[in-house]
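Hi,

Here is the structure I promised to pass on to you. Have a look at it first, and then read my notes below.

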Amino acid sequence: MNLSDVETGCYIDGSHRSTFDFMCLVIEMAHDYGFEFDHDQFFDDVQGIRNDTLPEDEIHDVMDAIDWTYEDALGYLNDNTREGLYWEVEDQSLYLVEDADASQ
């Protein structure tokens, strides 16, 4: 997959998902487009949260790490998408839209 080939539109409809699940989907999508991070640790953390197997004292730190990874993933998508387009989150969905400021 190549970010230079993407077209505008909705890429993730997260309106029916939890915020946690939406963030995980964005991270996974960015990973599919080349975003590098510790995927194995991410997968283990996500499974630990979903299966309620993480120690109570680790949950806050893991959620913070997932939140930071989500922000980094969005930054990666925007930094690597062709000029004139940007990724926007609205109503817990991820859209690729035209940047009105870029055309002026």
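What follows is a walk through what turned up, piece by piece.

Before you start, keep in mind that this is a predicted model.

Let's begin with α1, which runs over residues 19-32. How far apart should the ends of α1 be? At 1.5 Å a residue, its 14 residues should span 20 Å, and the end C-alpha atoms are 20 Å apart, so the two values agree. The buried residues in α1 are F20, F22, M23, C24, V26, I27, M29 and A30. They pack against β1, α2, α3, β2 and β3. Just after α1 you'll find G34, with a positive phi of about 110 degrees.

Next comes α3, residues 56-79. This helix has 24 residues and reaches 35 Å from its first C-alpha to its last, close to the 34 Å expected. Its buried residues are V62, I66, T69, Y70, A73, L74 and L77. Among the elements that cover them are α1, α2, β2 and β3.

**The core**

As a bit of background, nonpolar side chains in soluble globular proteins tend to be buried together. Here, the largest nonpolar core has 26 residues. Which of them touch the most other members? Those are V26, M29, I66, Y70, L77, W87 and L94. The elements that give two or more residues to this core are α1, α2, α3, β2 and β3. The largest share, 8 residues, comes from α1.

Leaving aside neighbours within four places in sequence, L77 is in contact with L3, M29, A30, Y33, W87 and L94.

**Aromatic pairs**

A pair of aromatic rings is described by the distance of the centres and the angle of the planes. This structure holds 5 aromatic pairs. One of them is Y11 with W87, which is edge-to-face, at 4.9 Å centre to centre and with 75 degrees between the planes. It links distant parts of the chain: Y11 is in strand β1 (residues 9-13), W87 is in strand β2 (residues 85-90), and they are 76 residues apart. Are these two buried or partly exposed? Y11 counts as partly exposed because its relative accessibility is 30%, while W87 has 4% and so counts as buried.

F35 and Y76 form another aromatic pair, and this one is tilted: 5.7 Å centre to centre, 50 degrees between the planes. F35 lies in the loop between α1 and α2 and Y76 in helix α3, so the pair ties together parts that are 41 residues apart in sequence. With 8% relative accessibility, F35 counts as buried. Ring pairs also link F35, F37, F42 and Y76 into a cluster.

**Charged residues**

Side chains of opposite charge can pair when their charged atoms come close. How many salt bridges does a search of the whole structure find? The search finds 1. The side chains of D21 and R50 meet in a salt bridge, at 2.8 Å from N to O. D21 lies in helix α1 and R50 in helix α2, so this pair ties together parts that are 29 residues apart in sequence. D21 counts as partly exposed, at 24% relative accessibility, and R50 is partly exposed too, with a relative accessible area of 43%.

Now compare D45, which sits in helix α2 (residues 39-50). D45 is buried yet has no salt bridge. The nearest side chain of opposite charge is R50, and that is 12 Å away. Not counting residues up to four places away in sequence, D45 touches L54 and V62.

Most residues other than glycine have a negative phi. D91 is not a glycine, but its phi is positive, about 50 degrees. Q92 has a positive phi as well, near 55 degrees. Where are they? D91 lies in the loop between β2 and β3, and that loop is also the place of Q92. D91 is exposed, with a relative accessible area of 64%, whereas Q92 counts as partly exposed, at 23% relative accessibility.

Happy exploring!

Definitions and conventions: Residues numbered from 1 in each chain as written. Predicted model: local features only at pLDDT ≥ 70, side-chain atom pairs only at ≥ 80, totals over all residues. Heavy atoms only, no water. Helix = DSSP H or I, 4+ residues; strand = E, 2+ residues; numbered from the N terminus. Buried < 20%, exposed > 50% of the residue type's maximum accessible area, 1.4 Å probe, protein only. Lys, Arg positive; Asp, Glu negative; His and termini not counted. Salt bridge = Lys/Arg side-chain N within 4 Å of Asp/Glu carboxyl O. Contact = heavy atoms within 4.5 Å. Phe/Tyr/Trp six-rings, centres within 6.5 Å; stacked < 30°, edge-to-face > 60°. Core = buried A, V, L, I, M, F, W, Y, C linked by side-chain atoms within 4.5 Å. Expected span 1.5 Å × (residues − 1).
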